[in-house]
6 protein chains.
Amino acid sequence: MRPSGRDLSEMRAVSIETGVTKHAEGSCLIRMGDTHVLCTASLEERVPPFIKGSGQGWVTAEYGMLPRSTSSRMRREATQGKQGGRTVEIQRLIGRALRAGVDRNALGERQITVDCDVIQADGGTRCASITGGWVALRLAVNKLLKAGDIVTDPLISPVAAVSCGVYAGQAVLDLDYPEDSEAGVDGNFILRGDGALIEVQMSAEGSVFSRTQMDSLMGLAEKGVNELVTAQLAAVQR
Amino acid sequence: MRPSGRDLSEMRAVSIETGVTKHAEGSCLIRMGDTHVLCTASLEERVPPFIKGSGQGWVTAEYGMLPRSTSSRMRREATQGKQGGRTVEIQRLIGRALRAGVDRNALGERQITVDCDVIQADGGTRCASITGGWVALRLAVNKLLKAGDIVTDPLISPVAAVSCGVYAGQAVLDLDYPEDSEAGVDGNFILRGDGALIEVQMSAEGSVFSRTQMDSLMGLAEKGVNELVTAQLAAVQR
Amino acid sequence: MRPSGRDLSEMRAVSIETGVTKHAEGSCLIRMGDTHVLCTASLEERVPPFIKGSGQGWVTAEYGMLPRSTSSRMRREATQGKQGGRTVEIQRLIGRALRAGVDRNALGERQITVDCDVIQADGGTRCASITGGWVALRLAVNKLLKAGDIVTDPLISPVAAVSCGVYAGQAVLDLDYPEDSEAGVDGNFILRGDGALIEVQMSAEGSVFSRTQMDSLMGLAEKGVNELVTAQLAAVQR
Amino acid sequence: MRPSGRDLSEMRAVSIETGVTKHAEGSCLIRMGDTHVLCTASLEERVPPFIKGSGQGWVTAEYGMLPRSTSSRMRREATQGKQGGRTVEIQRLIGRALRAGVDRNALGERQITVDCDVIQADGGTRCASITGGWVALRLAVNKLLKAGDIVTDPLISPVAAVSCGVYAGQAVLDLDYPEDSEAGVDGNFILRGDGALIEVQMSAEGSVFSRTQMDSLMGLAEKGVNELVTAQLAAVQR
Amino acid sequence: MRPSGRDLSEMRAVSIETGVTKHAEGSCLIRMGDTHVLCTASLEERVPPFIKGSGQGWVTAEYGMLPRSTSSRMRREATQGKQGGRTVEIQRLIGRALRAGVDRNALGERQITVDCDVIQADGGTRCASITGGWVALRLAVNKLLKAGDIVTDPLISPVAAVSCGVYAGQAVLDLDYPEDSEAGVDGNFILRGDGALIEVQMSAEGSVFSRTQMDSLMGLAEKGVNELVTAQLAAVQR
Amino acid sequence: MRPSGRDLSEMRAVSIETGVTKHAEGSCLIRMGDTHVLCTASLEERVPPFIKGSGQGWVTAEYGMLPRSTSSRMRREATQGKQGGRTVEIQRLIGRALRAGVDRNALGERQITVDCDVIQADGGTRCASITGGWVALRLAVNKLLKAGDIVTDPLISPVAAVSCGVYAGQAVLDLDYPEDSEAGVDGNFILRGDGALIEVQMSAEGSVFSRTQMDSLMGLAEKGVNELVTAQLAAVQR
């Protein structure tokens, strides 16, 4: 029934390749099927003004899509003079999600910026960005721990995200682009490896939904995040 | 336990005054406690390019805060050269929410823009904007029906929104600003009067949350939206 | 002869409601007929760089129109990426006018920003903004005096403004929108309560004018400002 | 008593050199003492959208200052991403002033843009721009008349402007920069050669003013504009 | 003598991987040592206004660097509200270079946009962009030929570019970042496979140069471009 | 053969008038035939952040064209919200060129900004800007030397620039606009008075070029720059 032939609760193939750029403190290329996102974590020994002197650190994120990551070429945001509303919304989400997995006191007064740049898009880029972004963050923090710059690991538990939705009347896991553009309900679920919920967003797109459907989507999401966390941990241990 | 002395499931006093500006096709001033939002609906006999010729209409929204609607003066967005990320996120949400209550074929090829301008803020401005925005929309559509410009009512069911959150470890309904700034979990729930879910957003702010808490918040939201719909219907029938 | 039926030298009904928002140090909603402007005065314990260390204070103003304050919806300036030329011109005028009524040494090194936001427009918004802006300023200064933060009253005399113009060949006082859009000559007069002139602007709009006409308009303006000052003083004493 | 040694009612030396650039339809370099402005009039066979099809023409103006036209270097507006408030205010004034001397029906559906670029500033740049701008406009219109593109002269009467102010307690004509920066009252007067008033702007800068002072300034302005019109007519007849 | 141990006239290892993204009509990832650039060619059946109706096609380019492609993180241009001067200069150069290898009549009225996004930077990104950009362009044009949309091959000869400079007093080929940042003279040479020169830019950076040095650099460039053309042809034939 | 009737190696008439504005530390109006550029040098006792505390000075440049410097009116960059790509490219080139003639240690920690504003354009504005810009710089530095603010002359040798190109198949010196718009190859050559090369840019515009042509253009450029340096030295000694 799904265009890709997947089962209702079947994720796309996930691959996470680490160490893909020589400059960043942490980096990976995450592939969720045909969605490919390059994630880098950049460490800076400064924090935003609003926490200066607090002893706490900060994790933030930026998101972008290469102009031809999509089926028809998009205009480059730098030439438009600003980031679009969708971009701003997504990068705020990524930052908020990653911070929910971080003990900012243990991180100390430094900032890590996670850049998520979509090389090729096929649905679910914000979820792939969060999942891959955590891997880049983990690698950057490992460097700090190894160097003795911090002593307690500030990462509480992995953070991963997956989209679920109602496609052709059925709850399905990990929407790809053909499904996403047809789905009546679309949800993004961000969880920690310890099962805690970080963010739940469910949105009617053309049709509305019921509490029962909400529960089905939530169940699929928990299954999906479990698989992603396994892939994240395998990637960072290589 | 709540700073305002309200019960856990008690809303703030709601008042919706209609017809507050002479130019707009529909308008109201909604007050949720000390949060006051002026909502106007403006009708235009044109639609965005992407639906031109489709026979369908469009409902969109814009959101703004007066510079001194908040406790300390904010910089005016017009002088900053752009709308901030939060503003863009909120106005996209309002538009999406209202459209979920509209039969766009019945509306016909015309656009209604709902402007939500916060006069005074005390938490929950996006929810008040949606709830008041629907009232303005209803009044503008009534004008179209009365004039015979459309024959079938395009409004399926009222749309209303409320925030719930975990404050001091307890699930509470309709957060005001002192609660909102302390809440560990913050959710916005948009429902229709017929009980259908339009949008659910729950977000960890400092702490994470469990599925049990998610269900409690959802339950409070349903109670709150019921009360708001009653207030909406009373306002438009006056 | 006037569309509203008013006499040539008759003002619209003026009402000034104070204390309309809980956050601002001073606020009022001024209504000149169907022109309604919300004015707030915000106090900040800092001054612009060019007077830092001078011991002098600063009063500045910003002006905006809600998108549907006008008969057809205007584009929101925040979405256009900048304030329009008319907006900038008006807010510079308001700030300059109010400063002419302030002893900046007595104010001390602090800044008061007066925001004038037009809720509903029917001609004469810049004049209403100045008149209402002074009331908000007066209330904010009263707070400073009461708190003992300043000892000498820095407000020399009330500041008020009125428009006059040549409509259908006759000099008339306090133009409303139907008159304003037809007037051949349009003037804005800003005076102090002690009779001193602050700013006089007369502008040909389609026709030119003579010195005799200039004198008639000036005479009407003096009458109008007298009435406005009475309304201002009544409002701040309530 | 004046820094320049001029009499109270003495203008600075005026010189108007025409034909200073080969591309523009009309051009001049106007010098009012040390204030030098290059004015060009550019003809285009199109009009702004709001008068398309009306058979009427349009005259508009733009104003700029070279970065080092002033005593200390100003930032270039093109690098700041926008024209400042003062620039916008001035160019709107120039356009409005010139249009008051034009019969837009006789001009026919075409646009003339007058660019006024300040090469060297020493006070009174907006007045010099209007006076020089009219000369450029006259020359461009002459070209149209000569070519037979229009038959009735659309220029009703010359338009010229001068500043007057209260300096050291005395009403003086044609303020230069040292006077302008000290003046308690500053006025700009735009008149036609036939004596009609186009625009009168008087503004308190530090001190306020009386109706008697207003009349003195007006009298000086009439004297000054007479002299300017003589210079304009001499320049265009050369 | 060179930091990398290379001979004076030795290029870095070049690799060109084609078909790296599924959406673009042509794409490659070019690696010049540690400089990695993703190049995509996007075909659109429209041309810029200035050649509409001419029967000629257009080739243009855009350039960007991922924020962490460099040793310390750069600010994302989309968040700065504009492309920097260096970016604009480079993308204009790439477009001009590629057009010099195209018969725009044979291409027909369509546009190909070549996007060059730097994944990892180590000097010479503009040259790598041109060289890789031509490969993407070649592949996109091949698609048009194969589909029969055009009949005559519009690509005259390969276009490739290499940098040369004076490093530690010696003329060297293909500067990497450590050399580039120390070089006294820096040149970029763009040639066609048939030996024709397209663009030569030599620039003093700290020291000046002589005609003899200019000739040495030119000679190295010819050698380098020959090797690049071989790599380009091998890549597109795979 | 040349539209102007000049010999292949004949420059346009050059004139350099100094001291043309009273505010700038150095200024000149350079005329290369009908190309007229006003150049001013502004001294500031501050440097950009990246060299603060280094003891070194900085020379930078900005470039602009008056809207009607060209045959048809161009839009003013200040109204477009940014400097165009061509403008940015040119002003970076001017600054780089002038710095190559400056000993920045001898200049000391101060900045000189050279503004080049094109009054009338007829080809070769960037070269005229560099040549005239050096004269303005020389005069500003002379003032510093005279005042004893610096003791060693920081100007190594004059800097001048000329364009050459292939027009109608022939190498010609100093392209004017009719030649520039037809030229198949266009080059800009920046040299010092001591013969050292600063920047060489040769660009195919429609046709490509050979090394022999490159050498011819270079030879013409050396001849042209010699003549310009003579004119520069004459101008600054007057």
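This is a predicted model: local features need pLDDT of at least 70, side-chain atom pairs count only at pLDDT 80 or more; totals for chains, interfaces and linings use all residues.
UniProt positions are given in the numbering used here, with shortened feature names, and annotations may be inferred rather than shown by experiment. Residues are numbered from 1 along each chain as its sequence is written, and chains are lettered from A, with ligands numbered from 1, in the order in which they are written. Local features need pLDDT of at least 70, side-chain atom pairs count only at pLDDT 80 or more, and totals for chains, interfaces and linings use all residues, while side-chain values use heavy atoms, with hydrogens and water left out.

Residues 10-140 of chain A are 30% helix and 31% strand. The end C-alpha atoms of that span lie 31 Å apart. Residues 158-224 of chain A are 27% helix and 43% strand. Here the end C-alpha atoms are 14 Å apart. Helices (H or I, at least four residues) and strands (E, at least two) are DSSP runs, numbered from the N terminus.

UniProt, again in an unreviewed entry, places a "binding site" at A:Arg86, A:Gly124, A:Thr125 and A:Arg126. These residues span 41 residues in sequence, yet no two of their C-alpha atoms are more than 13.3 Å apart, so they gather at one spot. A:Thr125 belongs to helix H4 (residues 125-146) of chain A.

Chain A touches chain E, where contact means heavy atoms within 4.5 Å. Each chain is represented in this contact: 37 residues come from chain A and 37 residues from chain E. The buried area is about 2,800 Å², and carbon and sulfur atoms give 48% of it. Buried area is the accessible area (1.4 Å probe) that two parts lose on being put together, summed over both. On the chain A side, A:His23, A:Arg68 and A:Arg73 lose the most area to chain E. Together they account for 26% of what that side buries.

The rule finds 16 salt bridges across the interface of chain A and chain E. A salt bridge is a side-chain nitrogen of Lys or Arg within 4 Å of a carboxyl oxygen of Asp or Glu. One of them joins E:Lys22 to A:Asp34, with the closest N and O atoms 3.0 Å apart. Polar contacts are counted as well. Each is a pair of N or O atoms within 3.5 Å; within protein, one must be able to donate a hydrogen and the other to accept it, and residues adjacent in sequence count only if both atoms are side-chain atoms. Between chain A and chain E, 24 residue pairs are in polar contact, both residues at pLDDT 80 or more.

Four elements of chain A give two or more residues to the side that touches chain E: strand E3 (35-44), strand E4 (58-65), helix H1 (77-80) and strand E5 (111-120). E5(A) gives the most, with 6 residues. By class, this side of chain A has 12 nonpolar, 13 polar and 12 charged residues. Ala, Val, Leu, Ile, Met, Phe, Trp, Tyr, Cys and Pro count as nonpolar, Asp, Glu, Lys and Arg as charged, and the others, Gly among them, as polar.

Chain A can be laid on chain E by a turn of 180° and a shift of 0.0 Å along the axis, with an RMSD of 0.0 Å. Copies are superposed by least squares on the C-alpha atoms of residues with pLDDT of at least 70 in both. Of the interface residues of chain A, 100% are also interface residues in chain E, so the copies meet through the same surface.

Chain A also touches chain B. This contact takes 26 residues from chain A and 26 residues from chain B. The two chains bury about 2,400 Å² between them, 54% of it on carbon and sulfur atoms. A:Glu89, A:Leu197 and A:Arg211 supply 25% of the area that chain A buries here, more than any other three residues.

Across the interface of chain A and chain B the rule finds 6 salt bridges. The side chains of B:Glu89 and A:Arg92 form a salt bridge at 2.8 Å, N to O. Helix H2 (85-99), strand E9 (197-204) and helix H6 (211-237) of chain A each supply at least two residues of the side that touches chain B. E9(A) gives the most, with 8 residues. By class, this side has 12 nonpolar, 5 polar and 9 charged residues.

Chain A is laid on chain B with an RMSD of 0.0 Å by a turn of 180° and a shift of 0.0 Å along the axis. The two copies are thus related as by a two-fold rotation axis. In chain A, the C-alpha of A:Gln201 is nearest the axis, 2.2 Å from it.

Chain A and chain C do not touch. Their nearest C-alpha atoms are 10 Å apart. No contact joins chain A and chain D, and their closest C-alpha atoms lie 11 Å apart.
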